[in-house]
Amino acid sequence: MERQLFIDRLRVFLCISVILHHVAIAYGALGGWFYLSPNPVDSVWRSALTVALAVNQAYFMALFFFLSAYFTPGSLARKGFIRFVKDRLLRLGVPLAAYVWFGHPLLVWVILRHKGETALTASGFVFESWQRAPETGHMWFVATLLIFDCAVAIFHRLLFRIRDSRTLSPIQVPLWLIPLATALAFTLRQFYAIGESVFGLQLGYFGLYVCLYGLGLFAARYRWIERLTWKENLPLLLIGAFALPMIILPVVLIVSQGGSLAPYIGGWHLEALGLAAWEACVCFAVSVALLLTFRAHFNRQHPGLDRICALSYGAYVVHPLWVVLATMALENTSHGPVLNLGITALVSTALSFATAALVRTIPGMTKIL
């Protein structure tokens, strides 16, 4: 399959979205993160950031899975089973292992030393962490993608034995997947509420991840991305536009008025069903809108942009360290939390990409990061 430049550009956008997502949580938005600033933003800013993060959460990691799956069938066909699995283990498995065994413990050590909660040296803390269950942190995505890709490699003959779907309109796929993704998310959250992790995986979100990964596989096989049009996808986009602002009132009630989050994150509640449906509508609408926008405006060669695109994976891997360090460095300044948030976002994004560029100068690292 010919490489679509706009997909690489879209990956950079999503990587930066991940960094900004975590910065926002560090400064007060709802969510979990390694280190939270002791000087968070006020309730108005917190509500606004939480709304933005809810929209982000609805689509950005699911779209990452879609884009990753989009190249999987072609890569598997070119390389064959053995070479494909070796490539996945090198590109996904090596960074995952390095982070789990060294990166995550060192990050936790930095935080605990900053808080004065450990007297251990870095090496001593890392060694001690090996006695406990490993944690994937933000690399849960890489671990999940490795599992998905290996499963496709094993079962690809069965997966692609389904009848040729080139006669299907691209609009039919997301519209049919909205109720499926809603049902999957609502069902999963009966057992694993949002925020609950199993081996570092928040399974409550996996309904959308599985649907978007599967859609990516078949989008590649039948070239659905190339056939997408604004006109044909207008019903889907209108659904997304209608659904999008519906998250504002619940967020304001929870953040500013002290409302309960419990009915939304799982269980047999209308709120939980509504959130699952909202996420599915927003996910497919925003994903299609981004694909169409980037295909139209960011599909040209540009040397500088091409170099940045090559750094996005490495920036994703290293960004937690820079977000945490920047948050710590600014916590005793008099700038105010909003300005600190902006500075942290700019600095951590720049340093994440710069670190990725530096690491890629090491011989052999371009094959991994």
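Colleague: In which segment does threonine 366 lie?

Modeller: The model is a predicted one. In it, helix α14 covers residues 337–359. Threonine 366 is placed in the segment after α14.

Colleague: Is threonine 366 buried, partly exposed or exposed?

Modeller: A residue counts as buried under 20% relative accessible area and as exposed over 50%. Threonine 366 has a relative accessibility of 45%, so the class is partly exposed.

Colleague: What distance separates the C-alpha atoms of threonine 366 and glycine 314?

Modeller: Along the chain, threonine 366 and glycine 314 are 52 residues apart.

Colleague: How many helices and how many strands does the chain have?

Modeller: From the N terminus on, the order of elements is α-α-α-α-α-α-α-α-α-α-α-α-α-α. The count is therefore 14 helices and 0 strands.

Colleague: How does the radius of gyration of the chain stand against the globule rule?

Modeller: The C-alpha trace spans about 65 × 55 × 40 Å along its principal axes, and 50% of the 369 residues count as buried. For 369 residues the globule rule gives 21 Å. The chain is as compact as a globular protein of that length, because its radius of gyration is close to that figure, at 21 Å.

Colleague: What is the volume of the largest pocket, and which residues are closest to its centre?

Modeller: The space in the largest pocket comes to about 1200 Å³. Its lining is made up of 42 residues. Those closest to the centre are Gly31, Gly32, Gln57, Gln202 and Tyr205.

Colleague: Which element gives the largest share of the lining of the largest pocket?

Modeller: Two or more lining residues come from each of α1 (5–26), α2 (43–70), α7 (206–222), α10 (248–255), α11 (262–265) and α12 (270–297). By class, the lining has 26 nonpolar, 14 polar and 2 charged residues. The largest share, 6 residues, belongs to α2.

Colleague: Which element supplies the largest share of the lining of the second largest cavity?

Modeller: At least two lining residues come from α2, and at least two from α7. The largest share is 3 residues, and its source is α2.

Colleague: What kind of aromatic pair do phenylalanine 64 and phenylalanine 141 form?

Modeller: A pair of aromatic rings is described by the distance of the centres and the angle of the planes. For phenylalanine 64 and phenylalanine 141, these are 5.4 Å and 40 degrees. Planes under 30 degrees apart would count as stacked and those over 60 as edge-to-face. The pair is accordingly tilted.

Colleague: How many residues apart in sequence are the parts that phenylalanine 64 and phenylalanine 141 tie together?

Modeller: Phenylalanine 64 is buried at 8% relative accessibility, and phenylalanine 141 is buried with a relative accessible area of 8%. Phenylalanine 64 belongs to helix α2 and phenylalanine 141 to helix α5 (residues 140–159), so the parts tied together are 77 residues apart.

Colleague: Which helices hold phenylalanine 65 and tryptophan 140?

Modeller: The ring centres of phenylalanine 65 and tryptophan 140 are 6.2 Å apart and the planes meet at 45 degrees, so this pair is tilted. Both residues are buried. The pair ties together parts 75 residues apart in sequence, because phenylalanine 65 lies in helix α2 and tryptophan 140 in helix α5.

Colleague: Which residues form one aromatic cluster?

Modeller: The chain has 21 aromatic pairs. One cluster consists of Phe64, Phe65, Trp140, Phe141, Phe148, Phe206, Tyr209, Tyr213 and Tyr316.

Colleague: Over which ring does the charged end of arginine 132 sit?

Modeller: The charged end is 5.8 Å from the ring centre, where the cut-off is 6 Å. The ring is that of phenylalanine 125.

Colleague: What is the phi of phenylalanine 199?

Modeller: Phenylalanine 199 is in the loop between α6 (172–191) and α7. Its relative accessible area is 78%, so it is exposed. Although the residue is not a glycine, its phi is positive, at about 55 degrees.

Definitions and conventions: Residues numbered from 1 in each chain as written. Predicted model: local features only at pLDDT ≥ 70, side-chain atom pairs only at ≥ 80, totals over all residues. Heavy atoms only, no water. 1 Å grid on protein atoms, 1.4 Å probe; cavity = no way out; pocket = protein on both sides within 12 Å on 5 of 7 lines; lining within 4 Å. Points joined across faces, edges and corners; volume = space filled by probe spheres on them. Helix = DSSP H or I, 4+ residues; strand = E, 2+ residues; numbered from the N terminus. Nonpolar A, V, L, I, M, F, W, Y, C, P; charged D, E, K, R; others polar. Phe/Tyr/Trp six-rings, centres within 6.5 Å; stacked < 30°, edge-to-face > 60°. Buried < 20%, exposed > 50% of the residue type's maximum accessible area, 1.4 Å probe, protein only. Lys NZ or Arg CZ within 6 Å of the ring centre and 35° of its normal. Rg over C-alpha atoms; globule rule 2.2 N^0.38 Å.
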